[in-house]
Amino acid sequence: MSKRPALQPILASLHDAVLDDARWPACSALIDEACRTRGNILTFARGQSPDETEIYLARLYYRGERHRELEREYFDVYYPIDERIPRLIGLPDSEVVHIAGLYTEEELATSVTFNEHLPISEFRSGVNVRMDGPNGSRITWSAAESVDRDGWSFDRIEFVRELLPHLREYVVVRQALADASALGASLTELLDTGGLGILHLDGRGRIVTANDRGRDILKAGDALYDRLGFLRARSPAEDAALQRALPRALPAGDEPGAAASLAIGRRGHRPGLTVHINPVGDGELDFRPWRVAALVLVDDHAPADIDPARVGAALGLTAAESRVAVLLAEGMAVGRIAAVTGRSERTVRWHVQQIFDKRGISRQVDLVREVLALGGRGG
C-alpha cells in the first residue's frame, strides 16, 4: 500500500465508483486535486488506428464537472486528424509522456488539434499515458495543464505512475460488469446476474454469499473452490497469488483495500478464469447480518480467438462490422453485443444487415459459419 496520503482517498473513491458511475465525478476531482491539474480524461477503446477505433468509455472532467461538448467535439472533429494518436497507441504500457512530446517540431506549429483544440481544453501542457487493457484493448489517461508553477515535476509524475495500476483496475472491473450487463447494480442486485460468478466476502475474507454461477464454479472445483468458507485456487502457485491478493483487498482501519485481477487456470484444456477482487467501501452497506468487505467477480468466458481485423480483411467488412460478426460467432445475442460494444441494439442490428448485404446472405448461421471457418473452427 502506498505511503502517499493523497492516494488513499482516491483508492477508496475508485472502489466505490466501480459499483456506481455517479461517484466517478468525485473520484476524478480527487485525482485532479492530488495531481494539481485542471482536469483529466479517461478512455477505454479498441483499435490500432483512429479510423478503426471503437471507443467504449470516454470521460472528460474538470475538477469533478463533466464537459460533454468539448468531449464530443474532440472525438467527432479532432480525434480523426490528431497526429499524436498513432504514437500514443504505440507507447509502451504505462509510460507517462508530455502531450507536446507526441508531436513533431513541425506539427507543433501546424497541427490543428495542438493549436486549436488543446489550448481551449487546457491539455496542451498536460501528460498522456497508455495502458494495456483486456483482450487487446487499451486504456488511455490524460491530465490537463498544471494549476501551479511546479508543473509536471518528477515527484508529480511518480505519483501518476503509482496511480495508474489502480486506474487500470477500475476500468477492467467496470468493463467486466458492463460485459455482463450488470453495470450500476447494487451488491444485492449483482447476485441476480448470470453473466459473472459473484462472491461476497466479509471482513475476514470468508465467503458469505454467492450467486448461482459463482456456486457452480466453486462446486466444479477445477479452478476455484471453497475450503472451510474461504476462497482457494486449485493450482498451488495460483492459490499463493490469490492468498496474497485477498487480504490486501480487505480494508484495514482507515486504509482502503487494493483491487486486483488474477488469471486462474483450469484442468485439462478448458479456458481459464479471470478473477477480479474489488474492495467495498462503507457506502455499499447491505441489509444482512454481515457487511460485505470485498466483491469477487469470476469471469469464465473464453477469450476471443478470432481476430476481427482478419475477419474484416477476408470478408470486406468495416472494423465495427467485423467486431459484431466475431461476437455473433462466439455465441453472443444482439442485446449482449450492444452492451459489450456500447452501442444500441438498433445499431447492432443495422451492422448485421449491412454484413448480410455485403456477403449476399440472409441467415445468421451462414455468417457464423464464414467467421468460424476463418478461425479454424468451421463445421
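This is a predicted model: local features need pLDDT of at least 70, side-chain atom pairs count only at pLDDT 80 or more; totals for chains, interfaces and linings use all residues.
User: How many bridges join β1 and β2?
Analyst: There are 7 bridges between β1 (residues 40-46) and β2 (residues 54-62).

User: Now the cores. Which residues touch the most other members in the largest nonpolar one?
Analyst: Trp 24, Ile 31, Trp 141 and Leu 167, out of 47 residues. Helix α7 (residues 154-179) gives the largest share, 11 residues.

User: What does Trp 24 contact, leaving aside neighbours within four places in sequence?
Analyst: Its contacts include Ile 31, Leu 42, Leu 167 and Tyr 170. Asn 40 and Arg 59 are also among them. Apart from this core lies another, of 25 residues, including Leu 218 and Leu 273.

User: Switching to the sheet of 5 strands. What's the order there?
Analyst: β8-β7-β13-β12-β11, again an open sheet with antiparallel pairing. β8 (207-210) and β11 (260-264) each have a single partner strand, so one side of each has no neighbour in the sheet. Neighbouring strands are turned by 20° against each other on average, direction ignored.

User: What holds β11 to β12?
Analyst: 5 bridges join β11 to β12 (residues 273-279). Ser 261 stands opposite His 276 in β12.

User: Which helix lies across that sheet's strands?
Analyst: Helix α9 (residues 212-220) lies across β7 (197-201), β8, β12 and β13 (294-299). α9 runs at about 90° to β7.

User: Last one, α14. Which residues are buried?
Analyst: Val 348, His 351, Val 352, Ile 355 and Phe 356. They cover an arc of only 140° around the axis, which puts them on the same side of α14.

User: Why would that spacing line up?
Analyst: An α-helix has 3.6 residues a turn, so residues three or four places apart point the same way.

User: And which exposed residues are on the face turned away?
Analyst: Arg 346 and Asp 357. Just after α14, Gly 360 takes a positive phi of about 70°.

Terms used. Residues are numbered from 1 along each chain as its sequence is written. Side-chain values use heavy atoms; hydrogens and water are left out. Buried means under 20% relative accessible area, exposed over 50%, partly exposed in between (1.4 Å probe, protein chains only). Helices (H or I, at least four residues) and strands (E, at least two) are DSSP runs, numbered from the N terminus. The arc is that of the directions from the helix axis to the C-beta atoms. Two strands pair if DSSP finds at least two bridges between them. Axes are lines fitted to C-alpha atoms, for helices over the stretch in contact, and angles run from 0 to 180 degrees between N-to-C directions. Contact means heavy atoms within 4.5 Å. A nonpolar core is a set of buried Ala, Val, Leu, Ile, Met, Phe, Trp, Tyr and Cys residues joined through side-chain atoms within 4.5 Å.
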